[in-house]
Amino acid sequence: MSMALIETVNITRKYGKQEIIKNISLKVEQGEVLALIGPTGAGKTTLLRLLDLLEAPASGHIYFDGREVTDNKNRRLQTRRRMSFVLQKPVVFNMSVSDNIACGLRWRKEKEATVSQRVNSALELVGMTEYSSRNARTLSGGETQLVAIARALAIAPEVLFLDEPTANLDPVSAARIEEVLAHIIGEQKTTVVMATHDMAQGQRLAGRIGVIINGELLQTGSPNDIFSTPQNTRVAELVGIGNILGGVIANRDNELVGIDVGGGLIQAISDYHTGAEVHALIRPEDVTLALHKDASSARNTFEGSITRIFPVGALVRIELDCGFPLLTVVTRQSAQDLKLAVGNRVYATFKATAVHVIKRWN
Amino acid sequence: MTELWEGLVTAVKLIISLDPEVMQIAGRSLAISATSSAIAALICLPLGAVIHFNRFPGKRTLINIIQTLFSLPTVAVGLFVFVMFSSAGPLGGFGIMFSPAVMVVGQVVLIIPLMLGLIISALSATDKAITDTAVSLGASGFQMSVITFREARFGVLAGLIMGFGRAISEVGLSLMVGGNIRGFTRTITTAISLETSKGDLELALALGMILIFIALVINIGLNRIQQR
């Protein structure tokens, strides 16, 4: 029987009366990289703390390697020693970099020869060898993060927990950390569970993503599943699907349906029957803009007027009123070429296959 | 005025010439207070850890009581120890009344709240992330306490030094249970008190200067610790 390395069954956690974690059942397989994404305050950190056995759940069960580790204090310590955790704001002990990295090994009563060999290879791994005798408190934020990662890796954990590994860092340090993590994931085959609010980072590093919002695990799946076919509007919003249109399936022709979104009929692919209340989810980047109606193969073309234009990094987001609100993004260059301005009338086009249809629950 | 001036000059001479009586009294004071500080530290370090690292009902109240006892009056402790160790008292069988031993006991009782309270607040002042990090790296409860003490070492040391400072400068307790016996239980503070009342200002002033010097050394030490 194949057993997940970590399994939680209906765990909950409360702080006072507030439920931070609500009935989460989750399996983490040996060797996988799982990213927990969700907004700040969703419960990602608390879930990591429960998985690392730093806290105990109010109810539910946690299994590690097939054994229940919910309560027994000694078993929790022994199990915790097979894992390590890099906190969101890592702290270093007031001692040298190499002594910091050695801590976990010394607590496991490893021989000094093993300790120094493991410390050196951990330092090498994060590229901090020349810092080994520096007091760790004198390091910058990015360096502190690297030392914390080296310290967590020195014990050769079976599971590595990372809480927002690049939050609070400048882009250069963040890129370096991510490079180190990608290397570890690729080379060492360590099981990794990381919390991040950076969707793209989850996509880059993880094989599987779990979405946590408001203490609930709403969806788990491959990055592609999560980003293209979110199961509900909360996940859709989180992963940046800018158009979430409520409507009713008005007609059907084989798998092609027409969704009345109140002000327009959107063509989409769906199994839901006529009369079903649904949400049509459309990524802004799948919507193209043109000044004239052209003979495109795309099923959906709507005329609308621009209500708002605002730059986002290298792109420009355009809000349209097509009888229903529609959000799209274009490059700065196209925005200039098309001379887009508020009040202009334009044509928005997207394919029926670009529309993801989900049942309306709420 | 001239009397005070002459007294000061004589006092300085007593110190410079390492007058045997002055040195003996100062040495005894240091020895008694160092002993009581060491015993109090042996009690307070583990006890502070137990109180800080455990959750139990009434913890907040207990810490409030400890902090209230920071200003425990020395004469109240003196009275308590006197009652306990006087020949009719429950601990009278030890026969240590009016000896350095009973002074040590009294000073231990006196400075435990101060040391304990300061150790607990030093431990509380360490970042919660320190203990989380230690636990996540596989530290047992004891190993986690050790690293937390290590992180809080300057605050803890300051607490120990404050305890010593209170022990060496108190007078009421030493006078009551020690009895200021010359060559046996006479300490700096009891000698100053006695010599001043006798009008023998030279010795009192010399000892006063030594006490202030000790206080100065303690303060410099504390400042250097707190600046780290």
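Predicted model: local features only at pLDDT ≥ 70, side-chain atom pairs only at ≥ 80, totals over all residues.
## Helices of chain B

How far apart are the end C-alpha atoms of α5(B), and what span should its residues give? Helix α5 covers residues 100-124 of chain B, and at 1.5 Å a residue its 25 residues should span 36 Å; the end C-alpha atoms are 35 Å apart, which agrees.

Now zoom out. Taken along the principal axes, the C-alpha atoms of chain B fill a box of roughly 70 × 45 × 25 Å.

Next, how do some of these helices pack?

| Helix pair | Angle | Axis distance |
|---|---|---|
| α10(B) and α11(B) | about 150° | 8 Å |
| α2(B) and α7(B) | about 110° | 11 Å |
| α2(B) and α11(B) | roughly 40° | within 11 Å |

Start with α10 (residues 188-198) and α11 (residues 201-226) of chain B, which pack at about 150°. Angles over 145 degrees count as roughly antiparallel, and that is therefore how α10(B) and α11(B) lie to each other. Their crossing is left-handed. On the α10(B) side, the contact is made by Ile188(B), Thr189(B), Ala191(B), Ile192(B), Glu195(B) and Thr196(B), while α11(B) brings in residues including Leu201(B), Leu207(B), Gly208(B) and Ile214(B). Sorted by class, this contact of α10(B) with α11(B) has 10 nonpolar, three polar and one charged residues.

Helix α11(B) also meets α2(B), and this time the two axes cross at roughly 40°. The helices α2(B) and α11(B) are therefore oblique to each other, and their crossing is right-handed. Which residues of α2(B) meet α11(B)? They are Val22(B), Met23(B), Ile25(B), Ala26(B) and Leu30(B), and they meet Leu203(B), Leu207(B), Ile210(B) and Ile214(B) in α11(B). By class, this contact of α2(B) with α11(B) has nine nonpolar, no polar and no charged residues. The spacing along a helix is handy to keep in mind here: an α-helix has 3.6 residues a turn, so residues three or four places apart point the same way.

Helix α2 (residues 20-53) of chain B has another partner, α7 (residues 141-151) of chain B, at an angle of about 110°. That makes α2(B) roughly perpendicular to α7(B). Here Leu45(B), Ala49(B) and Phe53(B) in α2(B) meet Met144(B), Ser145(B), Thr148(B) and Phe149(B) in α7(B). The residues of this contact of α2(B) with α7(B) divide into five nonpolar, two polar and no charged.

Terms used. Residues numbered from 1 in each chain as written. Chains lettered and ligands numbered in written order. Heavy atoms only, no water. Axes fitted to C-alpha atoms, helices over the stretch in contact; angles between N-to-C directions. Helix = DSSP H or I, 4+ residues; strand = E, 2+ residues; numbered from the N terminus. Parallel < 35°, antiparallel > 145°, perpendicular 65-115°, else oblique. Left-handed = near helix turned anticlockwise from the far one by under 90°. Contact = heavy atoms within 4.5 Å. Nonpolar A, V, L, I, M, F, W, Y, C, P; charged D, E, K, R; others polar. Expected span 1.5 Å × (residues − 1).
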